[in-house]
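Hello,

Here is the structure I said I would pass on. My notes follow below it.

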Amino acid sequence: MNRWLTSLTAVLALAIATPAVVGTVSPAYAQGAAAKGKGKGKNGGPIKKLETTLASLNLTAEQKPKVDDALNAFKAEAKKIADAGGTPQENRQKMRPVRQSLMKKLGGILTPEQMTKLKEATARKKKPAAQ
């Protein structure tokens, strides 16, 4: 029991000290997303990928606030769905119309060339069939 308690104390001390050594705690971790198993992966997740792709499209000054509004509305809906706590499969189904709505909004803001680049960048890559 004593050995277990010592190990637990060491693990907890390391867990508490690590953010101070590594740097600041990310907002997602501070809000408990990591504890709930809602991590965003090594690249920040699909929303981060979308933001990065949109930033690479050379948006005009007129497009930027419109895109930001559409993206913020999308993030708010995504957060509501995630916070509701369904299974991953249920959440994917709930997100489908939200994603479609975002793409429709972006289709009215972006040029056809920008939209093509966005669709190419955000398309899910099909895995080759195992042989």
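**A buried alanine, and what surrounds it**

A70 is buried, with a relative accessible area of 6%. Buried means under 20% relative accessible area, exposed means over 50%, and partly exposed lies in between (1.4 Å probe, protein chains only). A70 sits in helix α4. Not counting residues up to four places away in sequence, A70 touches L102, K105 and L106. Contact here means heavy atoms within 4.5 Å. The C-alpha atoms of A70 and I109 are 9.6 Å apart, although 39 residues separate the two along the chain.

A word on the source. This is a predicted model, in which local features need pLDDT of at least 70 and side-chain atom pairs count only at pLDDT 80 or more, while totals for chains, interfaces and linings use all residues. Residues are numbered from 1 along each chain as its sequence is written, and side-chain values use heavy atoms, with hydrogens and water left out.

**The chain as a whole**

The protein chain has 6 helices and 0 strands. Helices (H or I, at least four residues) and strands (E, at least two) are DSSP runs, numbered from the N terminus. Of the chain's 131 residues, 18% count as buried. Take the contacts between residues at least 6 apart in sequence: 62% of them join residues at least 24 apart.

**The core**

The largest nonpolar core has 18 residues. Such a core is a set of buried Ala, Val, Leu, Ile, Met, Phe, Trp, Tyr and Cys residues joined through side-chain atoms within 4.5 Å. The residues with the most contacts inside this core are L50, L54, V67, F74, L106, L110 and L118. Two or more residues each come from α3, α4 (63-84), α5 (88-109) and α6. α4 gives the most, with 6 residues. Leaving aside neighbours within four places in sequence, F74 is in contact with I47, L50, M95, V98, R99 and L102.

**How α3 packs**

Start with α4. α3 and α4 pack at an angle of about 175°, with their axes 12 Å apart. Axes are lines fitted to C-alpha atoms, for helices over the stretch in contact, and angles run from 0 to 180 degrees between N-to-C directions. The two helices are therefore roughly antiparallel. The cut-offs are under 35 degrees for roughly parallel, over 145 for roughly antiparallel, 65 to 115 for roughly perpendicular, and oblique for the rest. I47, L50, E51 and L54 in α3 meet V67, L71, F74, K75 and A78 in α4. By class, this contact has 7 nonpolar, no polar and 2 charged residues. Ala, Val, Leu, Ile, Met, Phe, Trp, Tyr, Cys and Pro count as nonpolar, Asp, Glu, Lys and Arg as charged, and the others, Gly among them, as polar.

Now α6. Helix α3 (residues 45-55) and helix α6 (residues 112-122) pack at about 150°, with axes 10 Å apart. α3 and α6 are therefore roughly antiparallel too. On the α3 side, K49, L50, T53 and L54 meet L118, A121 and T122 of α6. That contact of α3 with α6 has 4 nonpolar, 2 polar and 1 charged residues.

N58 is in the loop between α3 and α4. Its phi is near 50°, a positive value in a residue other than glycine. N58 counts as exposed, at 65% relative accessibility.

Best wishes
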